[in-house]
Amino acid sequence: MAGPTPLNKKTIVKKRTKKFARHQSDQFIRIRNSSWRKPKGIDGRVRRRFKGAIPMPSIGYGSDKKTRNVHPSGFKSVVVSNVAELEMLMMHNRTYAATVGHSVSTRVRREIIERAEQLAIRVTNASAKLRAEDDA
């Protein structure tokens, strides 16, 4: 079985895919790849939104509410640590996909994937941390 198809078929459109550069990050190596920080200076061109200055993040760059937090596969992701948490997704298997948590053991991981197949729930990282059994 290939698994369920997503309920929402809306195309995901991002208004901006580039990261917002920190003000003057091109001039200082120590902040070259740092994340966005809001400029706080009294005379800052970026804070005052002058023409030609780098853009500041604002609410207008937000994604469509229907496609926000949606994986490219069309499902929203839920982190699952045990089989009981997987049972919550039973009635929502066309909206949500399970992602097995990184600290889950191989034995529990196998149980989660086996139960997900029975419930027709998509697991995004089903092949992670599983080795092929030689004796099987």
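1. What covers the buried residues of H2? The cover includes strand S1 (76-80), helix H1 (83-87) and strand S2 (96-100), with contact taken as heavy atoms within 4.5 Å. Helices (H or I, at least four residues) and strands (E, at least two) are DSSP runs, numbered from the N terminus.

2. Before going on: this is a predicted model, where local features need pLDDT of at least 70 and side-chain atom pairs count only at pLDDT 80 or more, while totals for chains, interfaces and linings use all residues. Residues are numbered from 1 along each chain as its sequence is written, and side-chain values use heavy atoms, with hydrogens and water left out.

3. Val-108, Arg-109, Ile-112, Ile-113, Ala-116 and Leu-119 are its buried residues. They line one face of the helix, because they fall within an arc of 135° seen down the axis of H2; the arc is that of the directions from the helix axis to the C-beta atoms. On the other side, Arg-107, Glu-114, Glu-117 and Gln-118 are exposed. Buried means under 20% relative accessible area, exposed over 50%, partly exposed in between (1.4 Å probe, protein chains only).

4. After H2 comes Ala-120, and its phi is positive, near 60°.

5. Arg-37 sits in the segment before S1. Its relative accessibility is 46%, so Arg-37 counts as partly exposed. Met-56 is 19 residues apart from Arg-37 along the chain, and their C-alpha atoms are separated by 9.4 Å.
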